[in-house]
Amino acid sequence: MTPDLRAKILSEWRGYRETPASHDRTQSAAGALEKVMRDLGLAERLTEGQILAAWKEIVGEWFALHTHPDRLRDGILFVRVLQSSVHCELDRNCRPQIVQKLKARFGAKRIRDIRFRLG
């Protein structure tokens, strides 16, 4: 017996037309949260949190003590640096390696560049 024939027989027997059951549209909480954040324009905020959590591992413990990732805007990560000598070292010598590690971990579309600022 096909599902259509069964539904027709049951509707005749019950005396009213039965609407077919809707398809299951459930989804995981993680998928729903990601969709809501993307719809609200908060997808970059999620990446910011991930970068903050991984910053010490990416730059090393010493640099992590003297720097703090501030914000991520349009693929550019802004990092606050406490001392001018550390700023100079990061900006001139370490920038390519840090950008490369960030791109490898979070994707080239999310991280394009990094800018260091004193403060």
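**Close-up views of a predicted model**

**View 1. Helix H5 and the glycine that comes after it.** In this predicted model, helix H5 is followed by Gly107, a residue whose phi is positive, near 100°. The helix itself covers residues 84-106 and has 23 residues, yet its end C-alpha atoms are only 28 Å apart, which falls short of the 33 Å that a straight helix would reach at 1.5 Å a residue. A bend of about 75° is found in H5 at Cys94, and a proline, Pro96, follows within four residues.

View 2. The residues of H5 that are buried are Val86, His87, Leu90, Cys94, Ile98, Val99, Leu102 and Phe106. Between the C-alpha atoms of Ala104 and Asn93, which are eleven residues apart along the chain, the separation is 19 Å.

**View 3. The loop between H5 and strand E3.** Lys109 is found in the loop that connects H5 with strand E3, the latter made up of residues 113-118. With a relative accessible area of 82%, Lys109 is exposed. Although Lys109 and Gly75 are 34 residues apart in sequence, their C-alpha atoms are 7.1 Å apart in space.

**View 4. Asp74 in the loop between strands E1 and E2.** Asp74 is found in the loop between E1 and strand E2, where E2 comprises residues 76-81. The phi of Asp74 is positive, at about 50°, although this residue is not a glycine. Asp74 counts as exposed, since its relative accessibility is 62%.

**View 5. The largest cavity and its lining.** A search of the whole structure finds one cavity of 30 Å³ or more, and about 30 Å³ of space lies in the largest cavity. The lining of this cavity is formed by Glu48, Ile51, Leu52, Pro69, Asp70, Arg71 and Leu77. At least two residues of the lining are supplied by helix H3 (43-59), and at least two by strand E1 (67-73).

**View 6. The aromatic pair of Trp62 and Phe63.** One aromatic pair is found when the whole structure is searched. The pair is formed by Trp62 and Phe63, whose rings lie 5.3 Å apart, centre to centre, with 75° between the planes, an arrangement that is edge-to-face. Phe63 is buried, because its relative accessible area of 16% is under the 20% cut-off.

**View 7. Helix H1 and the glycine just after it.** Helix H1, which runs over residues 3-14, has twelve residues and reaches 16 Å from its first C-alpha to its last, close to the 16 Å expected at 1.5 Å a residue. Of these twelve residues the number buried is one, so the helix lies largely in the open. Just after H1 comes Gly15, which takes a positive phi of about 90°.

How values were computed:
Residues are numbered from 1 along each chain as its sequence is written. This is a predicted model: local features need pLDDT of at least 70, side-chain atom pairs count only at pLDDT 80 or more; totals for chains, interfaces and linings use all residues. Side-chain values use heavy atoms; hydrogens and water are left out. The expected span of a helix is 1.5 Å times one less than its number of residues. The bend at a residue is the angle between axes fitted to the seven residues ending there and the seven starting there. Buried means under 20% relative accessible area, exposed over 50%, partly exposed in between (1.4 Å probe, protein chains only). On a 1 Å grid over the protein atoms alone, a cavity is a set of points where a 1.4 Å probe fits but cannot get out, and a pocket is an open set with protein on both sides within 12 Å along at least five of seven lines; lining residues have an atom within 4 Å of a point. Grid points are joined across faces, edges and corners, and a volume is the space filled by probe spheres set on the points. Rings of Phe, Tyr and Trp (its six-membered ring) pair if their centres lie within 6.5 Å; planes under 30 degrees apart count as stacked, over 60 as edge-to-face and the rest as tilted.
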